[in-house]
Amino acid sequence: MMLPPGVLTSYLKLMRQVVALLQCEQLQPFVPSLLSNILLIFEKAQYVLERRAEIQEHLVTPLKSIRNLAVTGVTQVLSTFTTLNLDGFLGQIMDRVVVPNLVSLPNESLQSPSPLLLLFLSLAEHRLPWLAHMCSHGNDVMPYVLRLLNGKGVTPKVVTKVIDMVFLLLDKNEGGMGLLR
């Protein structure tokens, strides 16, 4: 059973405000629970959206909004708590959030960076080995990123985010993954 979309939206917005306002060590012990809740909400919204034929049409937009808010929430947590070890959540983030939405990346990110693209950037900033995880599970991200960059009407803002992500992944001296060295 899922709570009404308005309740889930309010919860996700409240959690984003709490993280933004309380960027402190006092919140760190609760970050794993917070991430688990956000991922669970994302998974439930994704599950319902995958069965779109079974739901009323007016619920599709709120569920997509919930899905995007959840991805933005994960990104915010990763960006805020960069020193916290979140390696245990990598598989969950990849399997629950990235893999189901990877095919939509080239279409949703043309005009402005989508929540998924911003999540990629945050994962790179957090120095999590997300590309290696994806490739080891047979999900290569780069073809989708290249399709995005080749998309008709892709904006400089989107290209800049992709370039920032690539620099973070390649810069071994700054603590990056050093993929090409």
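By the rule I used, there is 1 cavity of 30 Å³ or more. A cavity here is a set of points, on a 1 Å grid over the protein atoms alone, where a 1.4 Å probe fits but cannot get out. Grid points are joined across faces, edges and corners, and volume is the space filled by probe spheres set on the points. The largest cavity holds about 90 Å³.

A word on the source. This is a predicted model, with local features needing pLDDT of at least 70, side-chain atom pairs counted only at pLDDT 80 or more, and totals for chains, interfaces and linings using all residues. Residues are numbered from 1 along each chain as its sequence is written, and side-chain values use heavy atoms, leaving out hydrogens and water.

Which residues line the largest cavity? Lining means an atom within 4 Å of a point. Among them are Phe-42, Arg-67, Asn-101 and Leu-116. Helix α3 gives the largest share, 3 residues. Helices are DSSP runs of H or I, at least four residues, numbered from the N terminus.

Now take Asn-101. This residue sits in helix α4, residues 90-101. Is Asn-101 buried or exposed? Buried, because its relative accessibility is 9%, and buried means under 20% relative accessible area with a 1.4 Å probe, protein chains only.

Beyond its neighbours within four places in sequence, Asn-101 contacts Phe-42, Gln-46, Arg-67 and Leu-116. Contact means heavy atoms within 4.5 Å. Leu-116 is 15 residues from Asn-101 along the chain, yet their C-alpha atoms are 7.8 Å apart.

How values were computed:
Helices (H or I, at least four residues) and strands (E, at least two) are DSSP runs, numbered from the N terminus. Buried means under 20% relative accessible area, exposed over 50%, partly exposed in between (1.4 Å probe, protein chains only). On a 1 Å grid over the protein atoms alone, a cavity is a set of points where a 1.4 Å probe fits but cannot get out, and a pocket is an open set with protein on both sides within 12 Å along at least five of seven lines; lining residues have an atom within 4 Å of a point.
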